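Colleague: I am new to this one. Please show me the structure, and then I will ask how you back up each label.

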Amino acid sequence: MSKAKKIRVIISIVCISFIQGLQYTVSPVLSQIQEHYPDVNISLVQMLITAPSLLAMIIAIISGWLVVKVSKKRLLLIGSFLAGLTGFLPLLSDSFGLLLFSRTLYGVGLGLATALNTAVVADFFEGGERTFIMGIQAASVGAGMFIEMTLSGILGAYGFEKVYFVHIIGFISLFLLAILLPDTGKTKIANSEKIRLNAKVFKISFLGLLEFMFLITFTTNISMHVSGTIADSSSASGALTGVFSFSQIIMGLALGWVIKVTKQYTLPAAMLNFAIGAVILALFPGNYSLLLIGSVFCGFSQGMFIPQAMCEISNAVKPVATAMASACFTCAMCIGQLISPSVLNNAAKYILEGATTANVYLISSIGMAVIAGIVIISKRLEKRRIKGRILS
């Protein structure tokens, strides 16, 4: 593949990643939305971030079969258009119902972008180059979130409705994908081939469910967490989510070196990063400097986990099953995001006797640390079993 074509593909991957980042545009203004709709339950307000996961989950699974009927490029163009359109629908009426509907419908674009981004990487890159590009992908997701949420924080100071205009990025991505992304056509399946997944795909997908059930609490709670404790909370939460996203950029670019250090423990290391960050957020809600540090650790977690998990999944199956394996992981990730507000708010309420944002962060930190510990122990035991078989 020529250098020019590689550049076109990489730019296309960045565009797809920016579509994914639009999921979090309302994060800096959640407290404003809650104040504007005081009769709406807090968990329902938080679902403005997680609701897209509902349709994304369904679309991700469907996309695993759609790629044999429709080209990935055409599907991504449809997703880009919907990502742009659904951002502007809430401007038609001041209605929480319409806002929730539009955010949910955006899940179609999110599901296609998340599931097919990895498949696009797998189509054009192999081996060590694929790992490097996965790092670029993670960095571009972080870049998208950083730009989009920073813009949301700035625009949110003039009213939460202004953040809807950030979705123009969906239309920009549509234009760039149309002219830059090479069309590989429908995925061809030989008569002897079947789209099959294996145990490793399901194990990593389950870890993804748990990771994102806890990790999403950063964006669903940060606006309300700083509200009342830090002046100009809209700009502050926008800056914190920006730092969270920027940390993903750094981690994505440094991923190759990080994997060399953490080796087979990259995924649990990513989880422990969030555990550290969430504890800091929970204990120091009024200390802006420490909140920034906590945001960095949380961003590192996402920047490490997604590309490494996607690499392991794509390498675990045959090329024909890459889209379906990615869709399986996306589905699990979406389930985790979808159930997060309800599960963790209730856990904080009954375990720590209060569904405060600090308690939610604390519960998330403990849960993530426990899961990471279990993964580390299981990997060490598996390593011993393999070593024992070799010696015997």
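Colleague: In which helix does I306 lie?

Modeller: I306 lies in helix α14. Helices here are DSSP runs of H or I with at least four residues, strands are E runs of at least two, and both are numbered from the N terminus. Note that this is a predicted model: local features need pLDDT of at least 70, side-chain atom pairs count only at pLDDT 80 or more, and totals for chains, interfaces and linings use all residues. Residues are numbered from 1 along each chain as its sequence is written, and side-chain values use heavy atoms, with hydrogens and water left out.

Colleague: Why is I306 called buried?

Modeller: Its relative accessible area is 19%. Buried means under 20%, exposed means over 50%, and partly exposed is in between, with a 1.4 Å probe and protein chains only. So I306 counts as buried.

Colleague: How far is the C-alpha atom of I306 from that of F212?

Modeller: The two C-alpha atoms are separated by 9.9 Å. Along the chain, I306 and F212 are 94 residues apart.

Colleague: What makes a space a cavity, and how many cavities are there?

Modeller: The search uses a 1 Å grid over the protein atoms alone, and a cavity is a set of points where a 1.4 Å probe fits but cannot get out. A pocket is an open set with protein on both sides within 12 Å along at least five of seven lines. Lining residues have an atom within 4 Å of a point. Searching the whole structure gives four cavities of 30 Å³ or more. The largest cavity has a volume of about 170 Å³. It is lined by 20 residues, and Q20, Q23, T114, I306 and M333 are the closest to its centre. Volume here is the space filled by probe spheres set on the points, which are joined across faces, edges and corners.

Colleague: Which helix gives the most to the lining of the largest cavity?

Modeller: α15 does, with five residues. Helices α6 (96-124), α7, α14 (288-316) and α15 (322-351) each supply at least two.

Colleague: What is the volume of the largest pocket, and which residues lie nearest its centre?

Modeller: The largest pocket holds about 480 Å³ of space. Its lining has 18 residues, with K203, L207, V375, S378 and K379 nearest the centre. Two or more lining residues come from each of α9 (199-215), α14 and α16 (357-391). The largest share, seven residues, is from α16.

Colleague: Why is the K6 and E129 pair called a salt bridge?

Modeller: A salt bridge needs a side-chain nitrogen of Lys or Arg within 4 Å of a carboxyl oxygen of Asp or Glu. K6 and E129 come to 2.8 Å, N to O. So the pair qualifies. K6 sits in helix α1 (residues 3-21) and E129 in helix α7, so the bridge ties together parts 123 residues apart in sequence. Both residues are partly exposed: K6 at 26%, E129 at 33%.

Colleague: How many salt bridges does the whole structure hold?

Modeller: Two. K72 also forms one with D123, with the closest N and O atoms 3.0 Å apart. That pair links helix α5 (residues 72-88) to helix α6, 51 residues apart. K72 is buried at 8% relative accessibility, whereas D123 is partly exposed at 38%.

Colleague: What makes helix α10 mostly covered?

Modeller: In α10 (residues 217-226), 10 of its 10 residues are buried. Among them are F218, I222 and M224.

Colleague: Which residues form the nonpolar patch on the surface, and what makes it a patch?

Modeller: F146, I147, L151, F246 and I250 form it, with about 400 Å² of accessible area together. Patch residues have over 30% relative accessible area and no salt bridge; like charges are joined within 9 Å, and nonpolar side chains (Val, Leu, Ile, Met, Phe, Trp, Tyr) within 5 Å. Areas come from the Shrake-Rupley method with a 1.4 Å probe, and for residues only the protein chains shown count as cover. F246, in helix α11, is partly exposed at 41%. So F246 passes the area cut-off. α7 (127-156) and α11 (233-253) each supply at least two patch residues, and the largest share, three, is from α7.
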